[in-house]
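Trainee: I am new to this structure and would like to learn how to read its features one at a time. Could we begin with contacts between charged side chains, and then move on to the helices and the surface?

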Amino acid sequence: MADLSDEDERLLQQEAGLTPETIRTIAALGFTLTRTASLLSYIKELADEAEQRSIPTHTASDPS
């Protein structure tokens with residue numbers, strides 16, 4: 001996860017009134033969202049590849 005510069009953190013604390021804990025939480029959420037988007041993109045690529053190869057991607061409970 002990319003760390004904020006000391007100046008950025010100071011600005012967020014002084015100008016926006018954010019606590020250090022809030023800043024860390026926002027940074028962690030941003031990292032989590034970025035990783036989730038990356039994983040979803042990878043899953044889509046795998047599904048697209050499976051579809052191109054005509055590999056069934058349905059679950060056992062799906063009758064189709």
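Mentor: A search of the whole structure finds three salt bridges, a salt bridge being a side-chain nitrogen of Lys or Arg within 4 Å of a carboxyl oxygen of Asp or Glu. Please keep in mind that this is a predicted model, in which local features need pLDDT of at least 70 and side-chain atom pairs count only at pLDDT 80 or more, while totals for chains, interfaces and linings use all residues. Residues are numbered from 1 along each chain as its sequence is written, and side-chain values use heavy atoms, with hydrogens and water left out.

Trainee: Which side chain does Glu7 meet in a salt bridge?

Mentor: Side chains of opposite charge can pair when their charged atoms come close. Here Glu7 meets Arg10, with an N to O distance of 2.6 Å. Both residues lie in helix 1 (residues 6-14), three residues apart, or about one turn of the helix, where helices (H or I, at least four residues) and strands (E, at least two) are DSSP runs, numbered from the N terminus.

Trainee: How far apart in helix 2 are Asp48 and Lys44?

Mentor: They are four residues apart, so about one helical turn separates them, and their side chains meet in a salt bridge at 2.8 Å, N to O. Asp48 is partly exposed at 33% relative accessibility, whereas Lys44, at 51%, counts as exposed.

Trainee: Which residue forms a salt bridge with Glu49?

Mentor: That partner is Arg53, and the closest N and O atoms of the pair are 2.6 Å apart. Glu49 counts as partly exposed at 34% relative accessibility, while Arg53 counts as exposed at 57%.

Trainee: How many helices and strands are there in the protein?

Mentor: The protein has two helices and zero strands. To check a helix, one can compare its ends with an expected span, which is 1.5 Å times one less than its number of residues. For the 33 residues of helix 2 this gives 48 Å, which agrees with the model because the end C-alpha atoms are 48 Å apart. Pro20 is found in helix 2, and just after that helix Ser54 takes a positive phi of about 60 degrees.

Trainee: Which residues form a nonpolar patch on the surface?

Mentor: Patches are made of residues with over 30% relative accessible area and no salt bridge, like charges being joined within 9 Å and nonpolar side chains (Val, Leu, Ile, Met, Phe, Trp, Tyr) within 5 Å. Here the nonpolar patch consists of Leu40, Tyr42, Ile43 and Leu46, with about 420 Å² of accessible area together, areas coming from the Shrake-Rupley method with a 1.4 Å probe, where for residues only the protein chains shown count as cover. Leu40 lies in helix 2 (residues 20-52) and is exposed, with a relative accessible area of 54%.

Trainee: What share of the 64 residues in the protein is buried?

Mentor: Buried residues make up 3% of them. The accessible surface of the protein comes to about 5,600 Å², of which 58% belongs to carbon and sulfur atoms.

Conventions: Buried < 20%, exposed > 50% of the residue type's maximum accessible area, 1.4 Å probe, protein only.
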